[in-house]
Structure formats: structure tokens, C-alpha cells
Amino acid sequence: MPATVFVLDFGAQYSQLIARRVREIGIYCEIVPYDATWESLKARQPVAFILSGGPESTLVEGAPDCDEAILNSGVPIFGICYGMQLIARKLHAELVPLAKAEYGPAMLHVDGAGDPLFAGAPLESRVWMSHGDSVVKLPEGFVTLASTERCRVAAMGDAGRKIYGTQFHPEVAHTQIGRAVLDNFLHGIAGIVSDWKMESFVERSIAEIREKVGEANVICALSGGVDSAVAATLVSRAIGRQLTCIFVDHGLLRKNEAEQVVKAFRDVLHLNVIAVDARKRFLDKLAGIEDPERKRIIIGHEFIAVFDEEAAKIPNVQFLVQGTLYPDVIESKTPDSKAGHKIKSHHNVGGLPEKMKLALIEPLRALFKDEVREVGRVLGLPEAIVERQPFPGPGLAVRIIGDITEERLALVRDADAIVRAEIDAAILDPKPWQYFAVLTPVKSVGVMGDGRTYANLVAVRAITSEDGMTADWARLPHELLERISTRIVNEIQGVNRVAYDITSKPPATVEWE
Ligand code: XMP
């Protein structure tokens with residue numbers, strides 16, 4: 001079991017980022033609820049605790065609190081924003097609400113230049129603040145290490161007890177010295193050695209999965225996407241043929257995708273795969289449905305039905321593998337509902353575990369997409385899978401606006417293949433995160449040869465993004481757009497016009513639906 005840094009999560013927007021930064025420094029890190037007890041964690045070799053920020057004020061009655069024993073454990077502690085204020089409160093410091101909350105960039109001045117927390121950091125630098133209360137009188141044993149114009153105690157520390165806090169957020173990219181501060185705390189102050197890498201994550205997960213599963217059988221829904229591919233491969237490394245992957249071809253996949261997925265997993269990765277051709281079943285259910293939410297619901301239900309039927313044929317199934325990532329786990333914003341870590345409603349197999357009474361295995365739950373790709377590489381997955389762009393579970397159904405028919409599916413599939421082939425062949429920096437074609441319900445007049453046409457409008461969408469939560473439209477070269485447009489109109493019957501989507505998210509979303 002590796003040395004672990006625990007982030008006590010007080011409901012901050014940035015808890016996951018803190019954990020990620022610690023892992024980037026090469027130290028294993030996990031997020032736990034803010035009220036996790038010392039008793040429950042002490043056996044897991046905690047080498048430091050980081051108390052996250054949070055939306056509440058410590059000055060409010062009943063504000064989220066942490067276990068006193070953690071504070072007295074002697075393990076080094078770092079509090080960020082709310083975390084720092086809580087430490088201050090618990091150690092009898094004085095806090096006051098600010099007349100106006102400080103939010104956004106500020107200039108930090110380092111007062112305690114000799115303190116190891118700011119070793120190597122410049123005296124002045126830009127930091128990111130977001131708080132409504134301020135520490136005005138320090139707890140005993142502490143010194144002020146940094147300040148901003150509006151915040152007298154922007155960093156404090158007690159070198160003897162190895163308890164530190166910053167009012168600014170070291171985990172966000174806007175804080176110039178953020179990485180140095182975390183590095184200094186973890187290495188210089190807490191004395192932790194960086195010995196964690198993705199390989200260790202893989203080994204550790206394999207051991208945990210083996211122990212959890214025992215002799216039982218496990219199933220996994222393969223979608224062809226990176227997440228389920230990595231999760232399934234990881235689990236199969238742990239328990240081999242006890243894992244059965246079920247691949248449901250709902251007929252809403254991209255061109256040749258179903259064959260490619262089955263081939264990659266069966267022949268290259270040697271996973272145990274059951275492929276179900278459910279294309280007709282889905283199309284029949286979707287006939288005449290135009291409302292996007294209804295489409296999603298129908299696809300979700302049907303998926304569960306097919307999956308359930310297949311799973312019922314396998315004896316002693318007790319677990320379901322899901323490729324849930326950190327961004328899929330919606331962090332409840334108020335610590336009160338901390339138990340309510342919920343999967344986004346659009347997440348593909350959300351209803352399965354309850355219906356089938358299965359326990360979940362979610363080995364990627366703590367990771368971000370690029371970390372998952374790294375795990376995929378460590379596991380030896382082909383680059384074509386590791387680098388695959390995100391593709392929604394309901395597939396092309398969300399890229400056909402209006403009725404879904406065989407003909408319209410074929411049309412969007414062909415257009416999509418052209419968009420992908422052309423963008424893949426172009427050398428672009430940055431490479432768009434996602435790019436695809438959308439079949440709109442619009443028909444318009446055109447002229448081809450000598451004749452009038454009245455045909456479909458295809459929209460092309462290409463976005464840059466870090467995580468799909470926000471996105472910008474990709475500034476593709478005009479020549480590339482021209483090639484895409486010419487090819488779509490020339491090669492696909494029934495399309496006479498191509499439009500390029502130049503909206504960011506927000507206000508638009510990535511998918512049109
Ligand atoms: P939106 O359209 O909400 O999409 O801006 C954000 C990202 O999520 C993907 N997406 C999905 N992924 N199941 C998924 O696994 C879904 O039902 C789903 N719907 C949207 C979308 O492609 C984009 O990357």
C-alpha cells in the first residue's frame with residue numbers, strides 16, 4: 001500500500017484538481033469526504049492531509065468540520081481557502097467576514113521568505129483567490145507567510161507542527177507559484193518521496209480488484225470508447241476470464257466501428273467479448289421519435305434490457321465494471337449531500353447496477369481523461385483506442401436531429417467519416433478535441449449540374465476543449481473546411497449544403513441533439 005495524501009473534500013470545485021496536482025508531483029492521492037475519521041484512515045499510511053476549499057463559511061453555525069484527531073495526529077496538514085480557515089478556527093484564531101468577497105486574481109507578497117513553503121518562489125506573484133472570510137488574528141504558534149492587498153493572512157504556517165494554510169488556491173493554473181508551493185509542502189515540509197507513477201496505479205488497482213472480486217464473475221459494457229476500454233482491460237488483467245465484456249451494437253455507431261471494436265478487444269487484447277447485434281431492435285423502438293430526451297431514454301432502457309438478457313446467461317455475476325471518470329462524478333456542491341456523488345444522467349449505463357443488483361467496480365473513478373489515456377498506454381492498448389475522441393453513449397442518435405431512419409443514419413455516418421478522415425489527415429495545433437458531422441432537419445435549395453436540388457443540410461462541428469465541460473469552436477483552416485464541404489456534397493447523395501458550427505459551450509453544447 002503506497003503512502004497516501006488524503007484530500008478532505010469540503011465540497012470545493014477544485015478538490016479533484018488538488019488530487020491531480022499531487023499525483024502529478026508523483027505522490028499517490030485520494031479524495032475522501034470532509035468528515036472522514038482518523039480511525040478510518042490511519043491504517044492507510046496517510047503522509048499528509050490537504051483540507052480543500054468549500055462553499056460554506058466557517059463562521060456559520062454547523063459549518064462542515066473535520067475530525068479533531070486528524071489535526072492532532074502529527075501528520076503534516078495543508079489547508080486551502082476554507083481548509084485554512086477551518087484550521088484557524090479550530091486552533092482558536094480570529095476570523096471576520098469580508099465586506100466584499102475577494103474573487104479572482106491578486107498579487108501575492110511573500111512575507112515569510114525564509115519559510116520552506118515559499119522556497120524558491122519569487123516575492124511577488126499572481127495568485128487566484130476566492131473567499132468571503134479572512135483570518136485576522138493567527139492561531140498560537142503560527143506566523144503570517146504571505147499577504148495580498150485585501151487579505152492580510154494569505155498564507156500561514158506553524159513549522160513546528162507542520163500545519164500550513166493558504167487563502168489562495170495553489171492547485172489552479174492561474175496561481176503562478178501554485179506548483180512550487182505544493183511541491184514545497186509535500187517534499188520539503190512533509191518529507192514525502194515521489195515514487196508514484198501510473199504503473200503503480202495499475203498494479204494497485206489490479207490487486208484491489210482481485211481482492212474485491214474473489215471467485216465471482218464480472219461483466220462490463222464495452223462501448224468502444226477509451227474509458228470502458230481501459231477499465232475493461234484493467235479488470236481483465238486482474239481476473240482474466242472471470243470478466244465478460246458485452247458489446248451492444250445499437251446501430252448508432254460510426255462507420256465500421258462495431259467491427260473495429262470487436263476485433264480490437266477479441267483479437268488484439270484477447271478479452272472475453274459477447275457481441276450482440278441489436279440494431280433492428282433499437283431502430284424499431286426509435287421509429288418516429290424526434291424529441292431528444294425521449295430518444296435518450298429509449299436508448300437507455302433498451303440498452304439495459306439487452307445487456308440484462310445477455311448478462312443473465314452468465315452464472316454467478318456479482319459485479320459490473322464502469323469506466324466512470326472523475327469529471328463524470330458530479331461533485332455535490334454542498335457537503336451535506338456528500339453521499340450523493342451522482343453519475344451524470346447522461347452517463348450511458350447509469351441504470352444498470354440498481355436494476356441488476358450488482359456491485360460496481362469503477363477503477364478510473366479518481367482519474368481525468370488524460371490520466372486514463374496514460375493508464376491505457378501502460379496497459380498496452382493500441383493508440384487507435386487510447387487516442388479515440390469521446391463519443392456519446394447514445395451515439396449518432398444525438399447527431400441526427402429529428403427522425404432516426406436507416407437512410408438518415410447512413411447519411412450522417414458517411415458525412416462523419418469524411419469529417420474525421422480529413423481532420424485526422426491535417427496537421428493541426430491544437431488538434432480539436434472532438435469533431436463530427438450532424439444531420440440537421442433543414443432542407444434547402446441548391447443547384448447541381450443544371451438542375452435544382454432540394455436536399456439536406458449537414459453541419460460540421462469541431463471543438464477544442466480540456467474536458468468537454470466547456471469548449472470553443474476549432475479555428476480550422478479554410479482550405480480544410482472547403483475540402484470537407486466539397487467532399488460531403490459531392491460524395492453523399494442527399495446533401496447539398498454544409499455549415500460550420502461557430503458556437504462555443506456555453507452557450508451551446510458540444511452535441512446538437
Ligand atoms: P454536451 O453535448 O453535453 O457534451 O456539451 C459534452 C461531452 O459529453 C459527450 N456526451 C456524452 N458522453 N454519454 C457520454 O458518454 C452521453 O450520453 C453523452 N452525451 C454527450 C459529448 O460528446 C461531449 O464530449
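Modeller: Happy to! First, a term: a helix here is a DSSP run of H or I with at least four residues, and helices are numbered from the N terminus. Please keep in mind that this is a predicted model.

Our helix is α6, which covers residues 198–213. Its 16 residues reach 22 Å from the first C-alpha to the last, close to the 22 Å expected at 1.5 Å a residue. Several of its residues are buried, including Met198, Phe201, Val202, Ser205, Ile206, Ile209 and Val213. An α-helix has 3.6 residues a turn, so residues three or four places apart point the same way. Just after α6 comes glycine 214, with a positive phi of about 60 degrees.

Most residues other than glycine have a negative phi. Glutamine 45 has a positive phi, near 50 degrees, and is found in the loop between α2 and β3. At 40% relative accessibility, glutamine 45 counts as partly exposed. Histidine 92 also has a positive phi, near 70 degrees, in the loop between α4 and β5. Histidine 92 is exposed, with a relative accessible area of 70%.

Most peptide bonds are trans. A cis bond joins aspartate 429 and proline 430, with omega about 0 degrees, and proline 430 is in the loop between α14 and β17. Another cis bond joins lysine 505 and proline 506, with omega about -15 degrees.

Now the rings. The whole structure holds 10 aromatic pairs. One of them joins phenylalanine 10 and tyrosine 82 in a tilted arrangement, 5.2 Å centre to centre with 40 degrees between the planes. Phenylalanine 10 sits in the loop between β1 and α1 and tyrosine 82 in helix α4, so this pair ties together parts 72 residues apart in sequence. Phenylalanine 10 is buried, at 1% relative accessible area, and tyrosine 82 is buried at 1% too.

Tyrosine 103 and tryptophan 128 have ring centres 5.9 Å apart and planes at 75 degrees, so their pair is edge-to-face. Tyrosine 103 belongs to strand β5 and tryptophan 128 to strand β6, so the pair links parts 25 residues apart in sequence. Tyrosine 103 is exposed at 59%, whereas tryptophan 128 is buried at 14%.

Charges can sit over rings as well: the charged end of arginine 399 is 3.7 Å from the ring centre of phenylalanine 436.

How values were computed: Residues are numbered from 1 along each chain as its sequence is written. This is a predicted model: local features need pLDDT of at least 70, side-chain atom pairs count only at pLDDT 80 or more; totals for chains, interfaces and linings use all residues. Side-chain values use heavy atoms; hydrogens and water are left out. Helices (H or I, at least four residues) and strands (E, at least two) are DSSP runs, numbered from the N terminus. The expected span of a helix is 1.5 Å times one less than its number of residues. Buried means under 20% relative accessible area, exposed over 50%, partly exposed in between (1.4 Å probe, protein chains only). Rings of Phe, Tyr and Trp (its six-membered ring) pair if their centres lie within 6.5 Å; planes under 30 degrees apart count as stacked, over 60 as edge-to-face and the rest as tilted. A charge sits over a ring if NZ of Lys or CZ of Arg is within 6 Å of the ring centre and within 35 degrees of the ring normal.
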